[in-house]
Structures are given as structure tokens and as C-alpha cells.
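Try each task before you read its solution.

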Amino acid sequence: MGMGLALALLFLIDTATRYEVAVSVFYTVVIVAMAHVLALRGLMVLTGSCIALTWLSFFITRYGDLRAGQINMLISTVAILITGYLACRAELARAAAHEAQARLLRISRIHSLEGLTTSIAHELNQPLAAIVTSGHACQRWMEQDPPNLDKARQALLRILGDADRASAIIGRVRKLSKGEPASPRPFVFNAAVREVLALSQAEIQRLDIAMRADLAAGLPLALADPVQVQQVIANLVLNAMEATALVDIARRTILVESLQLQDKLVFRVSDGGPGLPAGAQEQVFEPFWTTKHEGIGVGLSISRSIVESNGGHIWAEPHLQGGAVFAFSVPVAPQEGLA
């Protein structure tokens, strides 16, 4: 009911105003607002309806500069198409998450693996929470007058990135259900690190964290499962952010590094948080051992299993300037390439 009224009101305003006033671009606000309500087919119908109303209003309107009206109509059409496409992608990601939840139940019955459901839920929580955060941010940018399309576009791009991460995790669940091992292949290590850092920028800014990346140039290709490696990177960066958020803003710093040590590539993240308790460098990788008040203690345990299954090693150590350092290594690919 509310959606219909909004569409009718926008259509009447767009028809009553001059060609130069691009009221039809506000149809994107309706699409974003209904993205969490409508299913995929409904979003597609809504997007098509908004485009049809835009064109119908253009042919009915008789006021203003016709050429300006044509330009505004085309811009609005493109904006509606892009918004509708991204909203559909986000809906597909949500559907994939629901499918993953159903698959988890089936896997737990078939394999009876303790802690599997908790582990996968922990991994899926990061991209799904990021999708929700970016979706709300996009809605706020689109509701501004005039809408901030650049910021909204950035938020929608983050949604796509997080949706891809969720799909990749679901792909790993599918492999796990079939008993498939990791799939090592050569990949550009620094590119994998940069992708994860790019997806973390919004939360870094929200927490007022100063992050610096010191990625060594000219690294050879890594030989590991890139999706699994990115999951470990994301988990270590998230842990560093959560630890750093507990201290004063002046100490909220994170250093991310990549380097080569003999036949291994190493990823290191150093945070300025409160640090680890004495003697806890090995315990933190044990299942269900955590220093967080609301933690469940599976993230680092999962990370260790992933790294070791890819022929690497993971470790923790105190940071000299306060805080903690977490690092892991993966093998170098036989054929070298530049990062």
C-alpha cells in the first residue's frame, strides 16, 4: 500500500513539474526501501514499473526544455536500472544465506561434526552483517535531498563485495558437505589482502581506526586456496579492529603487512589494543577459548585449521608498542609472478 502511494506521488510530481526537474530519480529510493521486503521477482517487477512510470511521465509532460527532459529521463532510467540490479544481487545473497542455513542442518545430520554449525555461522556473520550495514547506509544516502548517488553507489558496491564473500563461504560449505579438501592454486597474495581491506574500510572509519598497509612489492604468487586465505585475513583484521576499538582513539592503530620469508608468504596484522594475557599465544587458537566477553572462541580455531590445511602456519605474539600481532604463512607457488 505504502509503496503504491509513493510511486503514485512521484509519478504525479514528475508529470506536473518541468522537464528540467529530475523527480523520477527518486524512484531509486523506493527500490532501496523495498529491497528487504520484496522477493527477487518483486524487485524486478518494481524496477520495470519505475522505468515505465518514468517514460510515461516524460511523454505526458508538456513543460520545459525537451532536450533537458530527454537527458534527465535517460539518467533516471540508468539510475533505476543500476539500483534495481544491485538490489536483486543483494536479495540473491540473502537467499543464498538462507540456503546455507538449510544446508548446515543437513550437513550436521549427515556428518555429525561437532561445532560445524557454529563455525560456519561465525564465518557467514561477517559478510551478512556488512551487507545489512551497507544497505542501511545506502538507504540513508538515497533519502537525502537531493540523493547522494556517489555515496549510495559506493555502499551498493560494498554490498556486492560482501555478497560475493558470502557466496564464496557457501561454496566452501558445499565442498565440505562433499568431503572435498582445499583447492590450492596460484594467486596474487597482495591482491587478496587489498580486497579484504577494501571491504573493511567502512567499519574502520566508523571506529576511528588509523590503518596502514605495508605490502611488499614484487612478491611471488601464493599457492593456497584464495577464498580460504581471504577468510583468515578477514578474521584477523576483524579481531584487530575489535581489540583496537577498546582503547583510546589516540591508540587506535592497525598495521597490515605482507612479506616473504624463504619459501613462504607471510601476512601480519599488528594492533594497538589491550593485548593478549600472559602465556595466551597458543591458547587463543584452541576451540572455544576467547578473551572477548561476547565471543564464542571459534574464529581463530577455524583460521588455524584453514592455514594448516593449506600448508602454512599461524601464530600470535605480543606487540612491542602494546597490543598484539597475529600472522600466518602460506607456501610460494612454484612459478613466480609479480604482486
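**Exercise 1.** Find which residues Asn72 is in contact with, leaving aside its neighbours within four places in sequence.

*Solution.* Start with the location: Asn72 sits in helix α4, residues 66-111. Helices here are DSSP runs of H or I with at least four residues, strands are runs of E with at least two, and both are numbered from the N terminus. Next, look for contacts, meaning heavy atoms within 4.5 Å. With neighbours within four places in sequence set aside, Asn72 is in contact with Tyr19, Glu20, Val21 and Ala22. Finally, check accessibility: Asn72 has a relative accessibility of 17% and so counts as buried (buried is under 20% relative accessible area, exposed over 50%, partly exposed in between, with a 1.4 Å probe and protein chains only).

Before you go on, note that this is a predicted model, in which local features need pLDDT of at least 70 and side-chain atom pairs count only at pLDDT 80 or more, while totals for chains, interfaces and linings use all residues. Residues are numbered from 1 along each chain as its sequence is written, and side-chain values use heavy atoms, with hydrogens and water left out.

**Exercise 2.** Describe how helix α1 packs with helix α3.

*Solution.* Two packed helices are described by the angle between their axes and the distance between the axes. For α1 (residues 2-16) and α3 (residues 40-60), the angle is about 25 degrees and the axes are 9 Å apart. The axes are lines fitted to C-alpha atoms, for helices over the stretch in contact, and angles run from 0 to 180 degrees between N-to-C directions. The angle therefore makes α1 roughly parallel to α3 (under 35 degrees is roughly parallel, over 145 roughly antiparallel, 65 to 115 roughly perpendicular and the rest oblique). Now list the residues: α1 contributes Met3, Leu7, Phe11, Asp14 and Thr15, and α3 contributes Leu46, Cys50, Leu53, Thr54, Leu56, Ser57 and Ile60.

**Exercise 3.** Identify the residues with the most contacts inside the largest nonpolar core.

*Solution.* A nonpolar core is a set of buried Ala, Val, Leu, Ile, Met, Phe, Trp, Tyr and Cys residues joined through side-chain atoms within 4.5 Å. The largest one has 37 residues, and Phe189, Leu236, Phe267 and Phe328 have the most contacts inside it. Elements giving two or more residues to this core include α7 (189-206), β4 (253-261) and β5 (264-271). Helix α8 gives the most, with eight residues. Then zoom in on Phe267: not counting residues up to four places away in sequence, its partners include Phe189, Val193, Ile233 and Leu236. Apart from this core lies another, of 17 residues, with Leu10, Leu43, Leu46 and Ile51 among them.

**Exercise 4.** Decide whether Ala163 is buried or exposed.

*Solution.* Locate Ala163 in helix α6, residues 149-177. Its relative accessible area is 4%, so Ala163 is buried. Leaving aside neighbours within four places in sequence, Ala163 is in contact with Ala93 and Ile131.

**Exercise 5.** Examine the phi of Asp208 and of Gln262.

*Solution.* Most residues other than glycine have a negative phi. Asp208, although not a glycine, has a positive phi of about 55 degrees, and Gln262, also not a glycine, has a positive phi of about 55 degrees. Asp208 is in the loop between α7 and β2 (210-215), and its 45% relative accessibility makes Asp208 partly exposed. Gln262 is in the loop between β4 and β5, and a relative accessible area of 73% makes Gln262 exposed.
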